[in-house]
Amino acid sequence: MTFDVAAIREQFPILSREVDGKPLVYLDNAATTQKPQCVIDALVDYYSTCNSNVHRGAHRLADEATQRYEGARDIVAGFINADCREEVVWTSGTTEAINVVAHGLAQLLKADDEVLVTEMEHHANLVTWQQACKQAGATLKVAPICDNGELRVDEFEKLLSDNTKLVAFPHVSNSLGTINPVKQLVQLAKKVGAWVLVDGAQGIAHGAVDVRDLGCDFYAFSGHKVFGPTGIGVLWGRKSLLEEWPVWQTGGEMISEVTYQDARWNELPYRLEAGTPHIAGAIGLGEAIRWFSELDFDGMKAHETALMESATRQAEAFEGLTIIGNSPEKTGVLSFVMDAGHPADIGFLLDRQGIAIRTGHHCAEPLMNRLGVPGTARASFSIYNTLEEVDALFAALKKVQMMLA
Ligand code: PLP
């Protein structure tokens, strides 16, 4: 079966819009992905037909909303091959998912404990652990990368010790596109008995994710990066761990019994989901995952590889342009700098040509400092991008170069 990009594009209404009379070329997918019509419809349908609070209502709308909401949890649990649906905790996104774990960890860490991260972290997977370590008087260690953006697995291993309580790293780097050898890193961390959190923000939209096969303890991702709505995300965690994990926020839904003096916590997943959840968001994410999981993943991978290969080939041949991040295992991201001008100017001038990319430090300021760049211009690709759009990017960059000369 061939991967029919044109048929996929037709399902995304926004892709047919124009920017200043020019066709939109959307290459900012690492920031957020666009939404297919079925996801938009799921949101509209929920609000139009069964808007209600979940779990607590004794009426038809509440039942229907609860069914859709909990049905979405089942879809996600199936997609990531969770052991059971209780392991899927709704959060507002990757950031909150990591915060749930870090907040609990801060209470479990002792002074001589260590947390290990990498030099390629997004701030969401760095500042959280910094703060947890500070709170507990524990130490944060940072595994180095090579100049090409690949993790130094040998150094990562050396930094592990019996004191390592938790290891956190991205499945895929948002700034460089590096794909980390997740299973290998998990195996190394497990040798010293550390828990492992994988930041899946950029990993989730590039194929099947099997949390059991990866062997990690936590996997965090955002709905909006996998064709779903903003404001909803997932913390997957091992049931045995989440059952005991210190609660995050307190309030309604997460309790089983309350007196004026005390409270007992609800069972999973509700003990980690205080308050009225983002019901529409969860339903929309369920629909996004249903839609995504029905794609031909082999065809998708081949298409994404073709996009990356074309982009890399053209970037390498482009005089005055330097690719930032050349890991042999890479997906979705072309980060670069140009002699002609600052990344912000490049982004501005591309936008004038209808091409949307992102510029700056990509929420990875220490990584930019490590690589000696103020920031990069980042084109990030998704399944609906075409080879013609990659060509359009480079034709536009030629014009940018002339404009800045
Ligand atoms: N981690 C990585 C690798 C990311 O790329 C992002 C967002 O770009 C995040 C974490 C944070 O995701 P969110 O802002 O959706 O919580």
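Colleague: In what order do the 4 strands of the open sheet lie?
Modeller: This is a predicted model. The pairing in the sheet is antiparallel. Strand S13 (321–323) and strand S16 (358–360) are the edge strands, each pairing on one side only. The twist averages 30° from one strand to the next. The order is S13-S14-S17-S16.

Colleague: Over how many bridges do strands S14 and S17 pair?
Modeller: S14 covers residues 333–338 and S17 covers residues 376–380. Their pairing is antiparallel. The count is 4 bridges.

Colleague: Which residue in S17 is the bridge partner of Phe336?
Modeller: Strand S14 spans residues 333–338 and pairs with S17. Look in S17 for the partner of Phe336: Ala377.

Colleague: At what angle to S14 does helix H14 run?
Modeller: H14 is made of residues 387–404. The helix lies across S13, S14 and S17. Its angle to S14 is about 15°.

Colleague: How far apart do the C-alpha centres of domain 1 and domain 2 lie?
Modeller: Domain 1 takes in 5–30 + 296–404, and domain 2 takes in 41–293. In contact are 33 residues of domain 1 and 31 residues of domain 2. The C-alpha centres are separated by 28 Å.

Colleague: Which three residues supply more than any others of the area that domain 1 buries against domain 2?
Modeller: Between the two domains, about 2500 Å² is buried. Carbon and sulfur atoms give 59% of that area. On the domain 1 side, one trio supplies 23%, more than any other three residues. The trio is Phe297, Leu367 and Arg370.

Colleague: With which residue does Arg370 form a salt bridge?
Modeller: Between domain 1 and domain 2 the count is 2 salt bridges. For the Arg370 pair, the closest N and O atoms are 2.9 Å apart. The cut-off is 4 Å, so the pair counts. The partner is Asp147.

Colleague: How many residue pairs are in polar contact across the interface of domain 1 and domain 2?
Modeller: The rule takes pairs with both residues at pLDDT 80 or more. Across the interface it finds 17 residue pairs.

Colleague: Which element gives the largest share of the side of domain 1 that touches domain 2?
Modeller: Helix H11 (297–316), S14 and helix H13 (365–371) each give two or more residues to that side. The largest share is 6 residues. The element that gives them is H13.

Key. Residues are numbered from 1 along each chain as its sequence is written. This is a predicted model: local features need pLDDT of at least 70, side-chain atom pairs count only at pLDDT 80 or more; totals for chains, interfaces and linings use all residues. Side-chain values use heavy atoms; hydrogens and water are left out. Two strands pair if DSSP finds at least two bridges between them. Axes are lines fitted to C-alpha atoms, for helices over the stretch in contact, and angles run from 0 to 180 degrees between N-to-C directions. Contact means heavy atoms within 4.5 Å. Domain bounds come from an automatic or database domain assignment. Buried area is the accessible area (1.4 Å probe) that two parts lose on being put together, summed over both. A salt bridge is a side-chain nitrogen of Lys or Arg within 4 Å of a carboxyl oxygen of Asp or Glu. A polar contact is a pair of N or O atoms within 3.5 Å; within protein, one must be able to donate a hydrogen and the other to accept it, and residues adjacent in sequence count only if both atoms are side-chain atoms.
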